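Here is a friendly walk through one protein model. Have the sequence and the coordinates open as you read.

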Amino acid sequence: MAGQWSRLLVLAGLIGTAGCQTLETGAPTEKPQITRDMSLEDAYRKAVSYGAETLPELRELAKDRNQMPELHKIAEVDLLKEYDSLPTPVLLNVAHVYRVSGNSMNPEILNRLARSKQEAVRRVGWRLAATRPSAEVGRAIESLLSDALTRGRESDMLVPDMASAIQENGIKNAYSFLVLGLMQQGAPEYANAMLALDANRASSPFIDYLNKADLEDLRQLNQKTINLLTCTVIFRFFSENPLPLNHPGLPVIFQYAVSRNRALSEMAFAVLEKHIPDNRLALAVLLSRQPVPVQVAFIESSQRESTANIRLFLDDMKEVAQQKEVIEELNSQQGAVEK
């Protein structure tokens with residue numbers, strides 16, 4: 001098997017697919033012909049080395065010959081033995097063939113690929129586990145993560161595809177890995193998996209994640225410490241679920257409300273608008289403890305977002321505001337409204 005691959009590696013290093021598209025470098029490479037009279041093994045080698053339209057051609061060939069189980073097995077052997085030596089585009093093609101040629105996954109594939117030092121290889125393993133969930137795959141996931149905890153190598157497991165695999169296989173006791181991934185990598189897959197597995201546990205870590213951004217970062221148009229898509233998942237969650245009012249990091253939501261990033265600002269204001277009616281005084285107290293520039297900026301921004309709830313909230317702010325600049329801004333805001 002290794003000898004067969006060695007003749008293809010030079011070609012495969014230059015040509016491959018990501019999502020079944022040929023990766024072109026330099027001059028175009030001639031597309032190999034997948035003919036009816038060639039062996040399944042030969043057709044497979046040509047297809048996974050080139051990719052693109054040869055992959056569905058290979059599938060049709062195997063389907064017409066009733067050789068889908070054989071094709072599934074060929075790809076499985078490569079995933080088990082060649083995964084760390086194949087160029088990423090070829091590995092992606094092999095994984096694609098494995099997935100479309102059968103409805104099952106050998107859990108040993110995940111066990112090997114997820115331990116690779118190459119992130120691209122690990123992602124392929126987790127992606128397969130997400131698309132082919134089963135009790136056996138679930139046990140393999142639990143074993144991998146348990147071993148990582150024992151060795152203190154939790155971070156080595158983290159890729160967004162891992163979160164999807166945990167979600168699709170329903171591994172609720174892996175929640176701590178999702179929280180760790182959210183805080184270290186911030187991809188939305190972690191937040192989505194947390195909500196799918198146990199939304200009741202998500203509030204506190206979601207606020208922790210929002211606190212990764214400081215005021216200086218939020219006052220920029222583009223943020224470096226947080227993922228906008230992940231923030232969207234979080235703010236959508238809080239627009240439908242209670243805010244953790246006792247969380248010490250909750251006041252950060254006011255900093256998001258005055259962000260220069262209009263999307264973040266509007267999402268934060270929408271969450272506050274939702275929760276102000278039932279928590280007006282509590283939220284006013286939280287805002288009064290923010291830096292003066294944040295309080296003033298929020299009052300100014302409320303002119304743009306002015307609603308009955310916001311106006312009542314600012315009235316409560318007058319009861320708890322302590323700094324002269326804030327009080328003056330509140331009075332100015334009220335004067336502008338009356339005019």
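The report below goes from the overall fold to helix packing, aromatic rings and charged pairs.

**Ground rules**

This is a predicted model, in which local features need pLDDT of at least 70 and side-chain atom pairs count only at pLDDT 80 or more, while totals for chains, interfaces and linings use all residues. Residues are numbered from 1 along each chain as its sequence is written, and side-chain values use heavy atoms, with hydrogens and water left out.

**Overall fold**

The protein has 20 helices and zero strands. Both kinds of element are DSSP runs numbered from the N terminus, with helices (H or I) of at least four residues and strands (E) of at least two. Of the 339 residues in the protein, 49% are buried. Here, buried means under 20% relative accessible area, exposed means over 50%, and partly exposed is in between, using a 1.4 Å probe and protein chains only.

The protein exposes about 16400 Å², and carbon and sulfur atoms supply 48% of that area. These areas come from the Shrake-Rupley method with a 1.4 Å probe, and for residues only the protein chains shown count as cover. Contacts, meaning heavy atoms within 4.5 Å, also say something about the fold. Among those between residues at least 6 apart in sequence, 69% join residues at least 24 apart.

**Packing around α12 and α10**

Helix α12 spans residues 188–198, and its buried residues are P188, Y190, A191, A193, M194 and L197. What do they pack against? The buried residues of α12 pack against α10 (160–168), α11 (175–184), α13 (203–210) and α15 (228–238).

One of the residues found in α10 is D161. D161 has a relative accessible area of 11%, so it counts as buried. Leaving aside residues up to four places away in sequence, D161 touches R123, W126 and R127. The side chains of D161 and R127 are joined by a polar contact of 3.3 Å. Such a contact is a pair of N or O atoms within 3.5 Å; within protein, one must be able to donate a hydrogen and the other to accept it, and residues adjacent in sequence count only if both atoms are side-chain atoms.

**Aromatic rings**

A search of the whole structure finds eight aromatic pairs. In one of them, the rings of F254 and F313 have centres 6.3 Å apart and planes at 15°, so this pair is stacked. The pair links distant parts of the chain, with F254 in helix α16 (residues 252–257) and F313 in helix α19 (residues 308–320), 59 residues apart. The rule is that rings of Phe, Tyr and Trp (its six-membered ring) pair if their centres lie within 6.5 Å; planes under 30 degrees apart count as stacked, over 60 as edge-to-face and the rest as tilted.

F254 is buried at 1% relative accessibility, and F313 is buried at 0%. Together with F269 and F298, F254 and F313 form one aromatic cluster.

Elsewhere, the charged end of R201 sits over the ring of Y175, 4.1 Å from its centre. The criterion is that NZ of Lys or CZ of Arg is within 6 Å of the ring centre and within 35 degrees of the ring normal.

**Salt bridges**

Side chains of opposite charge can pair when their charged atoms come close. A salt bridge is a side-chain nitrogen of Lys or Arg within 4 Å of a carboxyl oxygen of Asp or Glu, and by this rule the count comes to 14. Three of these pairs are listed here.

| Salt bridge | N to O distance |
|---|---|
| E76 and K73 | 3.2 Å |
| R115 and D147 | 3.1 Å |
| R262 and E266 | 2.9 Å |

R115 is partly exposed at 43% relative accessibility, and D147 is partly exposed at 21%.

Why are E76 and K73 separated by about one helical turn? They are three residues apart in helix α5. E76 is buried, with a relative accessible area of 9%, whereas K73 is partly exposed at 47%. R262 and E266 are four residues apart in helix α17 (residues 262–288), so about one helical turn separates them. R262 is partly exposed at 46%, and E266 is partly exposed at 38%.

Finally, E41, R45 and D78 are linked in a network of salt bridges.
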